[in-house]
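Look at the charged side chains in the structure below. The paragraphs that follow go through their pairings.

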Amino acid sequence: MPLLLKSGIVVTQDPALGVLPRGDLLVDGDRIAAIAPSIDAAAETVDCAGHFVLPGLINAHMHTWQTGLRGVAANWTLLEYFRHVHAGLATAFRPEDIHIATLAGALNQLDHGVTTLVDWCHNNPTPEHTDAGIAGLEESGIRAAFFHGSPKPDPKPGEPHFSEVPHPRHEIERLMKGPLADRAGLVTLGMAVLGPHYSTLDVSAHDFALAMEMGLVASMHQGGGEARTPGGWEVLMARGLVGPHINIVHGNNLSDEQLRAFVELGVSFSVTPENEMAQGHGHPITGRLRALGSAPSVGVDLESAISGDMFTVARMALASQRALDNAAERSRSGGIPATSTVPVAEALDWITRRGAAMLGMNDRIGSLTVGKQADIAVMSLGPLAMWPAHDPVWRGPISPACAPSWLRRASGSCRA
């Protein structure tokens with residue numbers, strides 16, 4: 001039976017529809033069938049008066065297995081994190097630990113209005129660890145892109161350093177023929193590769209080519225100390241291996257020339273502003289991308305270091321860029337800018353439509369648009385901190401987080 005969400009504040013993120021101060025949304029099957037100020041239909045009806053109706057948020061980068069380490073890295077710099085987590089705590093995780101941590105992390109994202117999670121899994125030393133992470137995502141009911149990565153422990157005597165180990169083709173092929181064979185399913189596959197900052201040129205070239213061959217997004221961290229392969233990006237671009245299938249996470253140390261080349265090639269970017277500023281990566285590249293006519297998707301990154309709330313992450317991204325812009329204006333003119341340089345609405349775009357674009361799913365999710373899948377968050381205006389709602393975009397996504405009162409995803413399942 002169709003489902004009618006009635007009388008909500010509908011924040012569509014569709015440029016043609018904008019915000020309906022009071023509107024209805026009709027879901028038929030797993031698709032959005034209609035959006036209008038008023039809809040009459042034979043349908044199960046949910047009264048959304050006093051609630052926001054908005055597209056499910058998209059967390060574009062999170063190591064979900066680290067929900068099991070929540071808070072332990074809160075005071076660590078990036079170097080301490082590498083030493084204590086990757087070379088230490090990560091090595092103690094069994095498959096069942098990966099499963100429960102991933103399940104808990106995914107459920108927490110749903111409780112914060114996220115309906116799509118990019119799970120950048122890099123603690124999977126065995127296929128059993130990988131399958132346990134995927135099972136946790138599937139059990140949660142969230143839409144997820146499982147980005148298959150590789151562990152980064154200190155090598156044992158006689159073993160190569162992780163930077164010298166190509167991404168395992170056999171595992172990608174196994175997943176594409178097995179648990180993640182359905183490319184239109186609720187949980188899909190991507191590759192979490194090392195990239196030229198953390199691997200040799202031969203490994204980077206192998207991994208980029210494998211992702212291109214398989215039609216998968218290849219996502220990699222860029223930044224944090226000296227690059228393993230200086231000049232590697234330029235070689236990879238010259239070989240035609242850099243394009244829309246490449247996703248760069250962080251990117252704080254990239255030059256303006258590199259950023260411009262990447263934008264022209266269709267590369268996507270994911271920033272994790274709170275963790276980047278806290279652990280020592282540097283300032284997020286949000287404004288540098290905007291100056292090139294681009295914009296980032298945004299992610300939580302590490303629940304071992306920060307909270308899993310995407311609204312907080314969006315506020316961090318917005319505030320950090322405004323602070324940089326304000327400081328630049330003071331340096332130029334000695335005064336405060338006449339107006340804010342980044343509109344609040346852009347911050348909501350970073351955690352909805354930009355995340356969908358990074359995944360190549362902007363025809364399916366990221367906005368409330370007729371024909372798209374019903375990835376919808378309904379959030380209560382009940383708490384005192386939410387009133388008065390003069391500007392729904394500011395008061396909703398950029399307000400203190402409150403758990404959604406109701407969620408519906410393309411799977412058709414609901415969570416109270």
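**Salt bridges**

The side chains of D30 and R31 form a salt bridge, with an N to O distance of 3.5 Å; the term means a side-chain nitrogen of Lys or Arg within 4 Å of a carboxyl oxygen of Asp or Glu. D30 is partly exposed, at a relative accessible area of 30%, and R31 is partly exposed at 33%. Here buried means under 20% relative accessible area, exposed means over 50%, and partly exposed lies in between (1.4 Å probe, protein chains only).

The model is predicted: local features need pLDDT of at least 70, side-chain atom pairs count only at pLDDT 80 or more, and totals for chains, interfaces and linings use all residues. Residues are numbered from 1 along each chain as its sequence is written, and side-chain values use heavy atoms, with hydrogens and water left out.

By this rule, the model has 15 salt bridges. One of them joins K6 and D24, at 2.5 Å from N to O. This pair links distant parts of the chain, since K6 sits in strand β1 (residues 3-11) and D24 in strand β2 (residues 19-28), 18 residues apart. Helices (H or I, at least four residues) and strands (E, at least two) are DSSP runs, numbered from the N terminus. K6 is partly exposed, at 22% relative accessibility, whereas D24 is buried at 1%.

E346 and R290 also meet in a salt bridge, at 2.8 Å from N to O. E346 belongs to helix α12 (residues 344-350) and R290 to helix α10 (residues 286-290), so the pair ties together parts 56 residues apart in sequence. E346 is partly exposed at 23%, and R290 is partly exposed at 25%. Elsewhere, salt bridges with shared partners join R94, E96 and D97 into one network.
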